[in-house]
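Open the model in your viewer and keep the sequence panel beside it. This tour tells you what to select next and what is there.

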Amino acid sequence: MTQPLTPRRMPLGDVVRTGGSGLRTHPLRVLLSALGIAIGIAAMIAIVGISSSGKAGLNAILDRLGTNMLAVAPAKGELGSDVTLPPEAETMIGRISSVESVTAIGAVKGVNVYRNDRIPVTQSNGITVVASRPGLPEVVGARVAAGSWLGAASSPYPSVVLGATTARWLGLSGSNLGGQLWLGGRWFTVVGILDPIELAEELDVVAFVTWERATADLGFDGHPSTVYVRAQESAITAVHGLLARTANPRSPQDVRVSRPSDALAAKAAADEALAGLLVGLGAVALLVGGVGVANTMVISVLERRSEIGLRRSLGATRSQIWLQFLTESLLLSLLGGLAGVVVGGLAAAAYAASQQWQIVLPGWAVFGGLAATLLIGGCAGMYPAVRAARLSPTEALTH
Amino acid sequence: MLELAGVTRDYGSGVVALRDVSLTVERGELVGIVGPSGSGKSTLLHVAGVLDRPTAGRVTVAGHDTARLSDRQLSALRAQHIGFVFQQFHLAPRVPALDNVADGLLYSGVRRAERRERAAQALHRVDLGHRLGHAPHEMSGGERQRVAIARAIVSEPEILYADEPTGNLDSVAGDLVMGILSQLRDAGTTVVIITHDREIAAMLPRQITLRDGRIVPAQVPA
């Protein structure tokens with residue numbers, strides 16, 4: 001007459017609802033213990049997001065600037081000897097077949113820039129005057145922030161164009177175009193100010209005059225200090241190998257050839273190493289957050305002995321009690337994880353926006369973060385849940 | 001419905017809570033188990049309610065020999081055949097009466113909508129149909145105990161154990177609770193009430209007196 005007894009299965013919805021019921025009674029405690037997890041996840045997501053957005057930003061810059069530029073400069077001479085490139089270096093390099101364009105600058109020695117003729121000679125601000133070929137902006141990817149490049153507007157006075165940092169040092173902006181600077185014992189008119197040049201930062205801190213003007217009026221010796229070369233992307237290595245010999249056939253060892261885009265990429269790689277370290281710190285925070293969740297769960301089980309006893313008396317099996325507390329722990333850390341993903345994502349987005357990078361938040365980071373959260377919640381909840389399940393109903397009820 | 005044969009519960013270290021207790025409760029009976037504190041009443045409730053196993057002897061509930069059942073099967077037996085009412089109510093705080101009562105069916109494989117529907121019916125049965133949405137802290141002790149009774153009977157158990165159901169109530173609320181319990185008996189549920197209160201026990205048709213873990217033989221009425 002008696003039917004066999006089997007516990008009824010609980011639908012998933014009931015499992016989640018029962019697991020969540022314990023969280024509703026202590027909102028502050030839930031908030032605080034989820035916070036630990038949230039901080040860890042937020043830190044990791046933010047760092048991954050910022051680093052990937054930064055990488056995307058760098059790729060965008062490199063796409064725009066091109067990676068096919070090479071800079072040819074004299075190597076630092078041994079024993080302090082002052083090595084220069086021969087005057088014909090630019091022309092010789094221009095004859096290499098894979099070279100698309102070439103330009104040069106030459107440092108004008110002993111000439112400094114002053115706001116006016118009354119400033120003492122020693123207060124030079126360290127701004128170098130550089131003789132430049134007309135094609136420079138095109139080759140190095142410089143953009144004019146205000147005014148125009150040298151020679152574009154015909155001026156009866158000698159003209160000067162300032163690098164971005166130079167203009168800032170001198171306290172000049174677009175509204176000062178047409179003003180005069182005291183340069184090598186005569187007045188020059190400011191005709192343009194450049195934007196910062198990512199591929200040639202050394203050009204941000206100089207003042208440009210034309211090659212001809214520098215030779216005629218400032219005693220420039222005509223030796224290029226740097227030759228900038230754009231070569232076909234496919235032939236870049238070959239051109240790289242030829243440049244030193246071509247620039248200075250007599251002593252190629254005195255020539256240093258560099259690829260400025262490599263320096264940008266190297267900087268990004270260094271940032272990546274730092275980001276790895278920070279993600280590690282985030283992982284530690286996450287682990288500590290997990291310990292917080294475990295702690296909360298242990299306390300919760302101790303406090304809710306009578307609830308456990310009641311549920312056993314209502315017919316809950318040991319495994320249903322176990323599942324309830326495990327679910328509670330999972331929900332608790334998932335709550336922290338979701339909050340962390342949102343906060344970290346927003347932080348990464350805000351930083352990327354401030355850097356004018358495209359916002360990139362890799363899906364693996366989000367899902368990995370949430371998976372780590374669940375793993376931690378599961379580990380943190382396992383021991384308390386087993387303890388809850390082991391509690392005998394009478395022990396729990398008479399407490 | 002309930003049969004104990006030679007049941008002993010020994011907690012070890014010389015503490016014997018029940019000694020060789022044998023009793024039978026028939027289907028539809030209303031029985032009081034009476035005795036001073038420390039007489040073994042609570043242990044008897046735990047053993048008869050399959051919350052605990054006896055050290056020796058046989059316990060049969062609703063036709064199931066509990067010695068043959070696993071822990072999982074005992075849980076199912078409680079879920080499907082047994083209801084409990086406790087002195088301390090054990091209601092979930094800040095949870096509406098309706099949901100507290102619906103939890104009585106949580107482990108019976110009933111869908112949530114139906115659980116809530118049957119919970120409403122059970123609350124009507126204990127005259128709390130007007131307080132479905134009220135949480136325990138908004139209720140009097142008597143009302144809370146009636147919510148607890150509704151939770152115990154929502155799964156329509158064959159046997160209901162009430163452990164000092166009036167222990168935390170004043171006499172008016174206590175009488176109301178006792179009235180509801182005897183109504184349940186009238187509706188066919190077997191009800192076992194555990195109490196130390198002789199007055200309460202005197203209201204019940206049958207009493208079993210416990211002292212020092214043994215049943216005191218019934219005195220033949222003069």
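In which hand does α10(A) pass α11(A)? The crossing is right-handed. (A crossing is right-handed if the near helix is turned clockwise from the far one by less than a right angle, and left-handed if anticlockwise.)

Some ground rules before moving on. This is a predicted model, in which local features need pLDDT of at least 70 and side-chain atom pairs count only at pLDDT 80 or more, while totals for chains, interfaces and linings use all residues. Residues are numbered from 1 along each chain as its sequence is written, and chains are lettered from A and ligands numbered from 1 in the order in which they are written. Helices (H or I, at least four residues) and strands (E, at least two) are DSSP runs, numbered from the N terminus.

**Stop 1: the helix pair in chain A**

Select residues 318-354 and 363-390 of chain A. These are helices α10 and α11, packed at an angle of about 150° with axes 7 Å apart. (Axes are lines fitted to C-alpha atoms, for helices over the stretch in contact; angles run from 0 to 180 degrees between N-to-C directions.) α10(A) is therefore roughly antiparallel to α11(A). (Under 35 degrees counts as roughly parallel, over 145 as roughly antiparallel, 65 to 115 as roughly perpendicular and the rest as oblique.) Their contact divides into 19 nonpolar, 11 polar and 2 charged residues. (Ala, Val, Leu, Ile, Met, Phe, Trp, Tyr, Cys and Pro count as nonpolar, Asp, Glu, Lys and Arg as charged, and the others, Gly among them, as polar.)

**Stop 2: A:P74**

Now pick A:P74, in strand β1 (residues 69-74) of chain A. Is A:P74 buried or exposed? A:P74 is buried, with 21 other C-beta atoms within 10 Å. (Buried takes 20 or more other C-beta atoms within 10 Å, exposed 12 or fewer, partly exposed in between; C-beta atoms are placed from the backbone.) Leaving out residues up to four places away in sequence, A:P74 touches A:V83, A:T84, A:L85, A:D254, A:V255 and A:R256. (Contact means C-beta atoms, placed from the backbone, within 7 Å.) Then select A:V227, 153 residues apart from A:P74 along the chain; their C-alpha atoms are separated by 9.6 Å.

**Stop 3: where the chains meet**

Show both chains. Here 26 residues of chain B are in contact with 22 residues of chain A. Which helix gives the largest share of the chain B side? Helix α2 (residues 71-81) of chain B does, with 9 residues. By class, the chain B side has 9 nonpolar, 10 polar and 7 charged residues.

**Stop 4: the four-stranded sheet of chain B**

Stay in chain B. Four strands form an open antiparallel sheet in the order β2-β1-β4-β5. (Two strands pair if DSSP finds at least two bridges between them.) β2 (16-25) and β5 (64-65) of chain B stand at the edges with a single partner strand each, so one side of each has no neighbour in the sheet. Next, zoom in on β1 (residues 2-10) of chain B, which pairs with β2(B) over 6 bridges. B:L4 has B:L23 as its bridge partner.

**Stop 5: the six-stranded sheet of chain B**

A second open sheet runs β6-β7-β8-β3-β9-β10 in chain B, with mixed pairing. β6 (82-85) and β10 (214-216) of chain B are its edge strands. On average, neighbouring strands are turned by 25° against each other, direction ignored. α5(B) packs on this sheet and touches β6 and β7 (159-163) of chain B.

Zoom in on β7(B). With 5 of its 5 residues buried, β7(B) is largely enclosed by the rest of the structure. B:I159, B:Y161 and B:D163 lie on one side, B:L160 and B:A162 on the other.

**Stop 6: helices of chain B**

Select residues 141-153 and 171-186 of chain B. These are α5 and α6, packed at about 15° with axes 9 Å apart. They are therefore roughly parallel to each other. The contact includes B:I149 of α5(B) and B:V177 of α6(B).

Finish on α1 (residues 41-48) of chain B, where 8 of 8 residues are buried. B:V50 follows α1(B), with a positive phi near 45°.

Notes. Two residues are in contact if their C-beta atoms, placed from the backbone, lie within 7 Å.
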